[in-house]
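Visitor: I would like a close look at one part of this model. Please take me through the helix packing around the sheet, and keep it brisk.

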Amino acid sequence: MTLEPFGARLRRAMDERGPLCVGIDPHASLLAEWGLDDTVAGLERFSRTVVEALADRVAVLKPQSAFFERFGSRGMAVLERSVEEARAAGALVVMDAKRGDIGSTMAAYAESFLRKDAPLFSDALTVSPYLGYGSLSPAVALARESGAGLFVLALTSNPEGGEVQHAVRADGRSVGATMLAHLAAENTGEEPLGSFGAVVGATLGDLSTYDLDINGPILAPGIGAQGATPADLPHVFGAAVRNVVPNVSRGVLRHGPDVVALRDAADRFAQQVRAAVEAA
Ligand SMILES: O=c1ccn([C@@H]2O[C@H](COP(=O)(O)O)[C@@H](O)[C@H]2O)c(=O)[nH]1
């Protein structure tokens, strides 16, 4: 069955459920706080609990692949099941694996996450363009074919990102702005929303010098543990705020393992996001 393009599916999910994305980030410290062992069994319990609590109410769940990879093949099996269960319960899954390599290898990464019959097929994948935006072409092509999407690291939430992303090219444009321009071109003419999104940190303050009008989604990590708040979103993103998918991971997860407490925490963030976007 052919999937509707990711951008259209995401727009509908954002309209129906609100735009919040919650991360599935099983940090060792969170496993301990939840009373779980730092083992595959602990990982599985953690992931299952997050999916059970949230997959039927938030638009997007974003598993952080690193925390599953550290357990090897058995961790990846847990990740596979989490993706499958989250999608079955109605959430869109953005796999946060930040892949990026020369084009021929990028094609294999794309096959791993974006081919419809792949065990880890996800609705969208985070990718790094820092081997050159063109190196992502195989992922762009396969995402289009599969009805999936990409989130390209443009302006990341961490303070170290600026030394690369704010660097100014010979044409006077910054590297981050160049990535945004590539995405705008990718999404030209797409309705209601393109499938090729940018990652732009909610921590970055006023971004009015950047053209965030990419006709695609903007995944905005940094809310909660990294210090940004939902109230910051209009100031950071301006008119683009309506296409922002704000991500919170530890800010919600620290309320587990109680399912009701996780839901309440996600609902609070969702409500704060809604109020901030409506007031914008
Ligand atoms: O610029 C980026 C890109 C990705 N991330 C990821 O988002 C979550 C944030 O987790 P919190 O616990 O809410 O801080 C995490 O998986 C990061 O790898 C990011 O933070 N910034």
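**Helices around the barrel**

Guide: Helix 1 (residues 6-17) lies across strand 3 (92-99), strand 4 (124-127) and strand 5. Against strand 3, helix 1 runs at about 125 degrees. Keep in mind that this is a predicted model.

Eight strands form a closed barrel in the order 1-2-3-4-5-6-7-8, and the pairing is parallel. Ignoring direction, neighbouring strands are turned by 30 degrees against each other on average. Strand 5 (residues 149-155) and strand 6 (residues 196-200) run parallel and are joined by five bridges. In one of them, Val-152 has Ala-198 of strand 6 as its bridge partner. Most residues other than glycine have a negative phi.

Next, helix against helix. Two packed helices are described by the angle between their axes and the distance between the axes.

Start with helix 3 (residues 40-54) and helix 5 (residues 72-88). Their axes cross at roughly 10 degrees and come within 10 Å. An angle under 35 degrees counts as roughly parallel, so helix 3 and helix 5 are roughly parallel to each other. Helix 3 brings Val-40, Leu-43, Glu-44, Ser-47 and Val-51 to the contact. Helix 5 answers with Arg-74, Gly-75, Val-78, Ser-82, Glu-85 and Ala-86. By class, the contact residues are five nonpolar, three polar and three charged.

Helix 3 also packs on helix 12 (residues 259-279). Here the angle is about 60 degrees, and the axes are 9 Å apart. That angle makes helix 3 oblique to helix 12. The crossing of the two is right-handed. On the helix 3 side sit Thr-49, Val-50, Glu-52, Ala-53 and Leu-54; they meet Val-259, Leu-262, Arg-263 and Ala-266 of helix 12. Six of the residues in this contact are nonpolar, one is polar and two are charged.

The loop between helix 11 and helix 12 holds Pro-257. The peptide bond from Gly-256 to Pro-257 is cis, with omega near 5 degrees. Another cis peptide bond joins Glu-191 and Pro-192, with omega about -5 degrees. Pro-192 is in the loop between helix 9 (175-186) and strand 6. Most peptide bonds are trans.

One more helix pair. Helix 6 (residues 103-114) and helix 7 (residues 137-146) pack with their axes 7 Å apart, at an angle of about 30 degrees. Helix 6 and helix 7 are therefore roughly parallel to each other. The crossing is right-handed. Helix 6 supplies Gly-103, Met-106, Ala-107, Tyr-109, Ala-110 and Leu-114. From helix 7 come Ser-137, Pro-138, Ala-139, Leu-142, Ala-143 and Ser-146. Nine of these contact residues are nonpolar, three are polar and none is charged.

Finally, the ligand. It is surrounded by 19 residues, the closest being Thr-156, Ser-157, Pro-221, Ser-249 and Arg-250. Strand 8 (244-248) and helix 11 (250-253) are the elements that give two or more residues to this shell. The shell divides into four nonpolar, twelve polar and three charged residues.

Key: Residues numbered from 1 in each chain as written. Predicted model: local features only at pLDDT ≥ 70, side-chain atom pairs only at ≥ 80, totals over all residues. Axes fitted to C-alpha atoms, helices over the stretch in contact; angles between N-to-C directions. Helix = DSSP H or I, 4+ residues; strand = E, 2+ residues; numbered from the N terminus. Parallel < 35°, antiparallel > 145°, perpendicular 65-115°, else oblique. Left-handed = near helix turned anticlockwise from the far one by under 90°. Contact = placed C-beta atoms within 7 Å. Nonpolar A, V, L, I, M, F, W, Y, C, P; charged D, E, K, R; others polar. Pairing = 2+ DSSP bridges. Near = placed C-beta within 6 Å.
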